[in-house]
Amino acid sequence: MRFDRYSFRKKQRPDVPMLNTASLPDLIFTVLFFFMLVTHMRSAEEKVRYSIPQGQELQSLTHKASNCYIFIGRQPGAAPDEFSIQINDKVVKLSDVEKCVDAERAKMATDDQAYMTVTIKADKQVPVGLITEVKKALKKTYALKINYSATEK
């Protein structure tokens, strides 16, 4: 029996064509376009003006999908001592804070509801009494994780 060096190679079958990768870029761009459409990039549109106070010990949030934002500041054209409360995209009265926070919690996925954090972005000039009233309303709805937004010194 004679052994030559080509006898142990697998013989390729000529009827199996190679994989055509010409449409692969089209598929990749289609998936990319899909994720661009599905991803929610926009945060709440700010209808009140505020300047963020400075802080010393700042931390970044981990669960950003479970955040509810409360903006407290002046609306354009309002009196200098008149402050408005905005929850995500709606300007609300102090008496409606509980309802709106409950509605925002209901919009979240059930897994994210346990991690719900309320982020308060208030103007430097907002009276502490108004922030305290907002905190009391949050306490009634059991939104006990509160984060205050600030800039670094």
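Reply: Leu24, Leu27, Ile28, Val31, Phe33, Phe34, Phe35, Leu37 and Val38 make a nonpolar surface patch of about 910 Å². A patch is built from residues with over 30% relative accessible area and no salt bridge; nonpolar side chains (Val, Leu, Ile, Met, Phe, Trp, Tyr) are joined within 5 Å, and like charges within 9 Å. The areas come from the Shrake-Rupley method with a 1.4 Å probe, and for residues only the protein chains shown count as cover. One of the patch residues, Leu27, has its place in helix 1, residues 24–38.

The model is predicted: local features need pLDDT of at least 70, side-chain atom pairs count only at pLDDT 80 or more, and totals for chains, interfaces and linings use all residues. Residues are numbered from 1 along each chain as its sequence is written, and side-chain values use heavy atoms, with hydrogens and water left out.

The secondary structure of the chain comes to four helices and seven strands. Along the sequence they follow the pattern α-β-β-β-β-α-α-β-α-β-β. Helices (H or I, at least four residues) and strands (E, at least two) are DSSP runs, numbered from the N terminus. Of the chain's 153 residues, 28% count as buried. Buried means under 20% relative accessible area, exposed over 50%, and partly exposed in between, with a 1.4 Å probe and protein chains only.

Helix 2 covers residues 97–107, and its buried residues are Val97, Cys100, Val101, Glu104 and Arg105. Seen down the axis of helix 2, these buried residues fall within an arc of 140°, so they line one face of the helix. The arc is that of the directions from the helix axis to the C-beta atoms. Lys99 and Ala106 are exposed on the face of helix 2 turned away from the buried side.

Helix 4, residues 128–140, has 13 residues. From its first C-alpha to its last, helix 4 reaches 19 Å, close to the 18 Å expected at 1.5 Å a residue; the expected span is 1.5 Å times one less than the number of residues. Leu130, Ile131, Val134, Ala137 and Leu138 are the buried residues of helix 4. They cover an arc of only 115° around the axis, which puts them on the same side of helix 4. Val128, Lys139 and Lys140 are exposed on the other side of helix 4.

Charged pairs come next. The structure holds six salt bridges. A salt bridge is a side-chain nitrogen of Lys or Arg within 4 Å of a carboxyl oxygen of Asp or Glu. Side chains of opposite charge can pair when their charged atoms come close.

One of the salt bridges joins Glu98 to Lys140, with the closest N and O atoms 3.9 Å apart. This pair links distant parts of the chain, since Glu98 is in helix 2 and Lys140 is in helix 4, 42 residues apart. Glu98 is partly exposed at 29% relative accessible area, whereas Lys140 is exposed at 57%.

Asp96 forms a salt bridge with Lys99, the closest N and O atoms being 3.8 Å apart. Asp96 counts as partly exposed, with 25% relative accessibility; Lys99 is exposed, with a relative accessible area of 59%.

Glu133 and Lys136 also meet in a salt bridge, at 3.8 Å from N to O. The two are three residues apart in helix 4 and are therefore separated by about one helical turn. An α-helix has 3.6 residues a turn, so residues three or four places apart point the same way. Both ends of the pair are partly exposed: Glu133 at 36% relative accessibility and Lys136 at 47%.

What of the cysteines? A search of the whole structure finds zero disulfides, a disulfide being a pair of cysteine sulfur atoms within 2.5 Å. The cysteine sulfur closest to that of Cys68 is in Cys100, 8.6 Å away, which is too far for a bond. Cys68 is buried at 0% relative accessibility, and Cys100 is buried at 8%.

The last point concerns a loop. Pro80 lies between strand 2 (67–73) and strand 3 (84–87). At 64% relative accessibility, Pro80 counts as exposed. Pro80 and Gln125 are 45 residues apart in sequence, while their C-alpha atoms are 9.8 Å apart in space.
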